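Hi,

Here is the model I promised to pass on. Have a look at it first, and then read my notes below.

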Amino acid sequence: MSERSVSQQQDGKRWYTVQAPEQFDRAELGETIAEEPQQVVGRTIETTLGDITDDAGSDNTKLTFKIDDVGSDTAYTEFIKHELTRDYLRSLVRRGASKTEANITVVTTDDYRVKIQPVAFTTKKADNSQEHAIRRVMIDLVEEAAAERTFEELADSVIEGRLSSAIYGEAKQIYPLRRVEVTKLELEARPEELAEEEATAVDVDEDDIAEDVADD
């Protein structure tokens, strides 16, 4: 019997293999331990794209997963965040050049609310109007991408670099660019959470209307 199996029997805890969603080919993310299966639900696991793909060149991309279901010995996850490392982003900064960022919140075709943060690095110093125009391109293309994609499809376009390439292709016509990246994609609300927010908002609005009528 293995040392870990003996330990499990002694403390009454069980190890669960944490698995990435199908989107990431069910890659093994590690292990977690708990006395009861439901104690595992809600835990987050952070890894790198490089660890999942065995590509050291992707180690600058951090991925975060959240456990949302548990089997007999396996914990299943959902993808919730993509983020580039600070060291990598610092390496892209050049003196005498501009860095243009945007924070954009969108809703995908399957009703996931997502925050996306693209950044563009120019070859030289851009003026305010050029930075504004680049930011406008970022916002328009991110909103367009979300309007045409599910959450999984949008995440794939970010992780695979297709969204940043699309922004680069449009924005470089405004001012010469050195690089465009999506620094973060983060899941903010799932469909059921959005539906609950909308229902709550409707209830509040109806209460306000009732109070206005009463005042009259």
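Arg 113, Lys 115, Glu 188 and Glu 197 are joined by salt bridges into a network; a salt bridge here is a side-chain nitrogen of Lys or Arg within 4 Å of a carboxyl oxygen of Asp or Glu. Before going further: this is a predicted model, so local features need pLDDT of at least 70 and side-chain atom pairs count only at pLDDT 80 or more, while totals for chains, interfaces and linings use all residues. Residues are numbered from 1 along each chain as its sequence is written, and side-chain values use heavy atoms, with hydrogens and water left out.

Within it, Arg 113 bridges to Glu 197, with 2.8 Å between the closest N and O atoms. Arg 113 sits in strand β8 (residues 113–122) and Glu 197 in helix α7 (residues 191–215), so this pair ties together parts 84 residues apart in sequence. (Helices, H or I with at least four residues, and strands, E with at least two, are DSSP runs numbered from the N terminus.) Glu 197 has a relative accessible area of 39%, so it is partly exposed. For that scale, buried means under 20% relative accessible area, exposed over 50%, and partly exposed in between, with a 1.4 Å probe and protein chains only.

How many salt bridges does a search of the whole structure find? The count is 13. Among them, Glu 83 and Lys 81 meet through their side chains at 3.8 Å, N to O. Another one joins Glu 148 to Arg 149, where the closest N and O atoms are 3.8 Å apart. Glu 148 is exposed, at 52% relative accessible area, whereas Arg 149 is partly exposed at 24%.

Now the aromatics. The whole structure has five aromatic pairs; rings of Phe, Tyr and Trp (its six-membered ring) pair if their centres lie within 6.5 Å, and planes under 30 degrees apart count as stacked, over 60 as edge-to-face and the rest as tilted. Phe 24 and Phe 65 have ring centres 5.1 Å apart and planes at 85°, so that pair is edge-to-face. Phe 24 is in the loop between β1 and β2 and Phe 65 is in strand β4, so the contact ties together parts 41 residues apart in sequence. Both Phe 24 and Phe 65 are buried.

Phe 24 also pairs with Phe 79, this time in a tilted arrangement, 5.5 Å centre to centre with 50° between the planes. Since Phe 79 belongs to strand β5 (residues 74–84) and Phe 24 to the loop between β1 and β2, this pair ties together parts 55 residues apart in sequence. The relative accessible area is 8% for Phe 24, which is buried, and 3% for Phe 79, also buried. Ring pairs link Phe 24, Phe 65, Phe 79, Tyr 112 and Phe 151 into a cluster.

Phe 151 takes us to helix α5 (residues 151–159), whose buried residues are Phe 151, Leu 154, Ala 155, Ser 157, Val 158 and Ile 159. After α5 comes Gly 161, with a positive phi near 85°.

Most residues other than glycine have a negative phi. Asp 25, however, has a positive phi near 60°, and Arg 26 has one of about 55° although it is not a glycine. Asp 25 lies in the loop between β1 (14–19) and β2 (28–34), and Arg 26 lies in the loop between β1 and β2 as well. Asp 25 counts as exposed, at 65% relative accessibility; Arg 26, at 37%, counts as partly exposed.

On the surface, Asp 51, Asp 54, Asp 55 and Asp 59 gather in a patch of negative charge. Patches are made of residues with over 30% relative accessible area and no salt bridge, with like charges joined within 9 Å and nonpolar side chains (Val, Leu, Ile, Met, Phe, Trp, Tyr) within 5 Å. Asp 54 is in the loop between α2 (49–53) and β4 (61–70), and its 75% relative accessibility makes it exposed.

Lastly, Arg 136 is in helix α4 (residues 128–148) and is partly exposed, at 39% relative accessible area. Arg 136 and Ala 102 are 34 residues apart in sequence, with 8.8 Å from C-alpha to C-alpha.

Cheers

Technical notes: Accessible areas come from the Shrake-Rupley method with a 1.4 Å probe; for residues, only the protein chains shown count as cover. Lys and Arg count as positive and Asp and Glu as negative; His and the chain ends are not counted. The place of a charge is taken as NZ of Lys, CZ of Arg, CG of Asp or CD of Glu.
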